[in-house]
Amino acid sequence: MTPRVLILGGTTEGYALAETLTAKRDLQVINSLAGRTASPRLPAGETRIGGFGGAAGLADFLRLQGISAVIDATHPFAASMGWNAAEGCRAAQVALLRLDRPAWTPQPGDRWEMVDDWEETVSTLRDCGARRVLLAVGRQELAAFAGLQDIWFLIRMVTAPEPLPPFPRARLLLARGPFDLSAERELLETHAIDTIVCKNSGGDSTAAKLVAARERGLRVIMRRRPTRPELPLVTRIPDAIAWLDWVLPGSNPALDP
Ligand SMILES: NC(=O)c1ccc[n+]([C@@H]2O[C@H](COP(=O)([O-])OP(=O)(O)OC[C@H]3O[C@@H](n4cnc5c(N)ncnc54)[C@H](OP(=O)(O)O)[C@@H]3O)[C@@H](O)[C@H]2O)c1
């Protein structure tokens, strides 16, 4: 029987993995999306959309669908899904791998302040004297910042929040990465930004703002990644494929009875 692999996606890496596995391997690939985006980019192969109903729901799905392996390629900040994947795969006794992009690390000249949650982000912003802020966080995370009366925000996101929290002074900029360095330089200059607030997503697509901030000596308030379960971890698609070769039934004759 052709092995079935579930990819927990919603990221560039999940998309690329689904495309690669569908094109190159004798596998059935199911790509899973949470359903947050109205018209998501769908990779080759099968896609299912929507939550599973927690870890127990995921375990039921794995059994019913006869899934042999799961790759958690969700965004570094999608930690709930990561914990559910660990618990669901353990319950259904299915192998699980984490495909993650490396976190950004500060370089000489960076002025980063690392924070652990949105509450700390807001208090750091209030105390540091920021006046004009590029706010590059998610839709659900905006509300915490709307009470900062003395700060003007440039709010950049992919999809408009419905509704936009009542910011007294803000401009909404709808844009999807990748963002290049010259455009990021111009954005910071045009809006006289003095501080960037973002999360440590990692990856190349949105990293140029950090280079532009370094060049201008701007403050960056960087939210650390949430904790995820300890799992076999890879950062590159070829390594995910090598892991599949190892765990899929019949792929390692030395271990078969
Ligand atoms: N958080 C970010 O900054 C961010 C950025 C870019 C893309 N994304 C993508 O957006 C999705 C949602 O992110 P989030 O931060 O809201 O996740 P989350 O807080 O970790 O997950 C919340 C719930 O959404 C469902 N879910 C999440 N990812 C799923 C997937 N790939 N397939 C099916 N159900 C999924 C699960 O529902 P059930 O409990 O019902 O199973 C999960 O318990 C993820 O797929 C992630 O890769 C997130």
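**Entry 1, strand S1.** I'm working from a predicted model. I started with S1, residues 4–8, and checked burial: 5 of its 5 residues are buried, so the strand is largely enclosed by the rest of the structure. Next I looked at which way the side chains go. Arg4, Leu6 and Leu8 point one way, Val5 and Ile7 the other, and all are buried.

**Entry 2, strand partners.** Which strands pair with S1? I found S2 (residues 28–33), running parallel to S1 and joined to it by 5 bridges. In that pairing, isoleucine 7 sits opposite asparagine 31. I also found S4 (residues 67–72), again parallel to S1 over 5 bridges. Here valine 5 faces alanine 69.

I listed the residues around the ligand and got 23, of which Gly9, Ser32, Phe52, Met81 and Lys199 come nearest. The side chain of serine 32 puts an N or O atom 2.7 Å from a ligand nitrogen. At histidine 75 a backbone N or O atom is 2.9 Å from a ligand oxygen. Lysine 199 has a side-chain N or O atom 2.7 Å from an oxygen of the ligand. On cover, I noted that the ligand alone exposes 800 Å² and the protein buries 76% of that.

**Entry 4, the shell.** S2 and helix H3 (79–92) are the elements giving two or more residues to the shell. H3 gives the most, with 4 residues. I sorted the shell by class and wrote down 8 nonpolar, 12 polar and 3 charged residues.

Technical notes:
Residues are numbered from 1 along each chain as its sequence is written. This is a predicted model: local features need pLDDT of at least 70, side-chain atom pairs count only at pLDDT 80 or more; totals for chains, interfaces and linings use all residues. Side-chain values use heavy atoms; hydrogens and water are left out. Buried means under 20% relative accessible area, exposed over 50%, partly exposed in between (1.4 Å probe, protein chains only). Two strands pair if DSSP finds at least two bridges between them. A residue is near a molecule or strand if one of its heavy atoms lies within 4 Å of it. A polar contact is a pair of N or O atoms within 3.5 Å; within protein, one must be able to donate a hydrogen and the other to accept it, and residues adjacent in sequence count only if both atoms are side-chain atoms. Accessible areas come from the Shrake-Rupley method with a 1.4 Å probe; for residues, only the protein chains shown count as cover. Ala, Val, Leu, Ile, Met, Phe, Trp, Tyr, Cys and Pro count as nonpolar, Asp, Glu, Lys and Arg as charged, and the others, Gly among them, as polar.
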